[in-house]
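Okay, thanks for making time, everyone. Let me put the structure up and walk you through a few spots.

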Amino acid sequence: MSWWQTAVFYQIYPRSFLDTDGDGVGDLEGIRRQLDHLVWLGVDALWISPFFRSPMKDCGYDVSDYCDVDPLFGTLADFDRLLAEAHARGLRVIIDWVPNHTSDQHPWFREARASRRSRKRDWYVWRDGSPDRPPNNWRAAFPKGPAWTWDEATGQWYLHLFLPEQPDLNWANPEVVAAMHDTLRFWLDRGVDGFRMDVIHCIGKDPALPDVPAERAIIPACALNDVESTHGLLRDIRRVLDAYPGERVMVGEVGVPWTEIVARYYGNGDELHLAFNFPPIFAPWDAVVWRAQVERAAAELDPRGAWPTWALSNHDNRRHRTRYGSEARARAAAVLMLGLRGSPFLYAGEEIGLEDAVVPAARVLDPGGRDGCRAPIPWEAGPTHGWRTADPWLPWPPDAQRRNVAALRDDPASILHLYRRLIKARRASPALQEGSFARLDSPAGVLAWERAFAGDRRIVLVNFTGEPAVLALPGAWNVEIASDGRGEAAPFSGSLRPDAALVLRPAREPE
Ligand code: NOJ
């Protein structure tokens with residue numbers, strides 16, 4: 001197995017993690033100071049969302065220099081120190097690479113925009129036309145509207161699948177490919193363990209830029225783009241990483257809502273190592289729907305030898321604690337995610353059961369409406385919650401006086417301790433880390449499966465309903481982990497409490 005198959009990943013949105021310089025925005029030093037806490041929690045690898053130089057129109061996903069740290073987050077020296085100290089603790093670090101678009105303030109785009117005859121004009125996607133009619137019907141992800149902006153000065157349209165301040169790079173131009181490969185090498189040379197690759201399925205474009213079918217024209221183009229040329233580009237990117245020692249990983253954001261398409265971006269083991277699969281994030285908390293998601297992922301990925309990923313929350317969607325409506329369900333969901341076959345990606349704050357913040361209209365910042373899940377992490381009670389200011393860039397999430405890291409660390413019955421026990425149990429069990437997956441018969445509203453590897457076995461039971469359930473299992477099993485913390489180490493009684501989930505281990509382990 002590779003490290004990225006057995007690892008539990010932990011996503012840090014740096015603005016929201018911990019501020020140490022008093023500007024109300026989290027920073028790299030804040031991450032460094034919490035490394036011991038992350039080791040205590042037991043995660044194996046960190047994914048740090050963008051911290052590169054940026055005008056911050058999309059909170060750093062609009063990069064103006066791929067090879068430097070934005071002063072808001074610190075310095076390159078801060079990054080090197082963070083990486084060295086993470087590695088010294090056995091934590092891997094992957095960073096967020098944003099290849100589809102730059103900021104409009106990136107020197108490449110400024111040069112491209114300066115004139116039609118600019119040497120860098122073709123580094124971006126320009127089209128002729130009349131100012132009242134965009135070149136095709138593609139829509140931007142946000143704000144609502146066309147994925148094209150008319151450049152008055154040079155009389156052409158440029159393409160942007162996201163904000164107008166995020167022009168799309170033209171990956172059909174070999175100079176762009178070479179320059180972007182160099183940005184990877186810059187960080188590989190510094191020792192990063194890999195990359196989360198932003199909307200990686202978008203880098204190839206059909207050169208004809210055809211309209212999307214009318215019935216899909218309402219869907220943002222970034223959720224539809226899927227062309228063959230991306231796969232060749234990915235194989236080239238993979239070769240850049242493979243030239244480095246150690247197993248540097250490519251985790252791709254393939255933001256199309258169809259698992260069968262996501263699966264193709266693993267290639268034949270020569271493209272992405274891991275791909276995010278978003279349909280489960282959009283799925284309601286329902287046993288029938290989740291069974292379909294789990295079986296779909298297996299059906300699409302297993303035949304390719306592709307390894308699944310599981311995430312319930314991230315910086316682009318409402319937190320699952322908010323979506324599912326209770327802490328009991330969020331706890332059961334943690335058992336689900338850490339009990340499935342594949343690499344789990346936690347989103348910082350879910351381990352303390354955070355809900356989205358309520359963001360008053362006057363404080364809304366994100367053009368994509370995603371502020372709530374980006375609220376700052378409360379590390380302790382008190383007015384500043386461990387930050388340097390009581391008034392950070394976004395409001396605190398609900399109940400931060402009680403629901404904060406310090407308070408939950410002091411409470412062995414808390415959701416934080418549940419995550420810690422789950423991660424520890426997973427690390428100790430080859431079945432949970434790398435074992436097979438076989439669904440077991442279960443009553444309506446319950447999902448049950450067995451994981452097995454070389455004599456090691458676990459059963460996972462998840463009750464998606466608010467009613468108790470009864471299950472007959474062959475053999476004798478003990479409760480290893482209970483989402484509500486009750487009855488651990490005792491024999492499994494055959495009944496499952498409402499909104500609860502269990503990890504079971506054989507009562508008699510093989511010799
Ligand atoms: C996906 C990222 O997760 C999101 O936050 C960002 O706005 C878009 N890509 C554009 O980079």
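Predicted model: local features only at pLDDT ≥ 70, side-chain atom pairs only at ≥ 80, totals over all residues.

H101 has one 2.9 Å from an oxygen atom of the ligand. For D316, the distance from a polar side-chain atom to a ligand oxygen is 2.5 Å. R370 also places a polar side-chain atom 3.0 Å from an oxygen of the ligand.

Now for some helix packing. Take α13, residues 327-339, and α15, residues 415-428: their axes come within 10 Å and cross at roughly 10°. Angles under 35 degrees count as roughly parallel, so that's what we call α13 and α15. Their crossing is right-handed. On the α13 side, the residues are E327, A330, R331, A334, V335, M337 and L338, and they meet I415, L418, Y419, L422, I423 and R426 of α15. That contact splits into 10 nonpolar residues, no polar ones and 3 charged.

The other pair is α5, residues 76-88, with α7, residues 174-190. Here the axes sit 10 Å apart and the packing angle is about 50°, which means α5 is oblique to α7. L76, F79, D80 and L83 of α5 make the contact with F186, W187 and R190 of α7. By type, that's 5 nonpolar, 2 charged and no polar residues.

How values were computed:
Residues numbered from 1 in each chain as written. Heavy atoms only, no water. Axes fitted to C-alpha atoms, helices over the stretch in contact; angles between N-to-C directions. Helix = DSSP H or I, 4+ residues; strand = E, 2+ residues; numbered from the N terminus. Parallel < 35°, antiparallel > 145°, perpendicular 65-115°, else oblique. Left-handed = near helix turned anticlockwise from the far one by under 90°. Contact = heavy atoms within 4.5 Å. Nonpolar A, V, L, I, M, F, W, Y, C, P; charged D, E, K, R; others polar. Polar contact = N/O pair within 3.5 Å; in protein donor to acceptor, adjacent residues only side chain to side chain.
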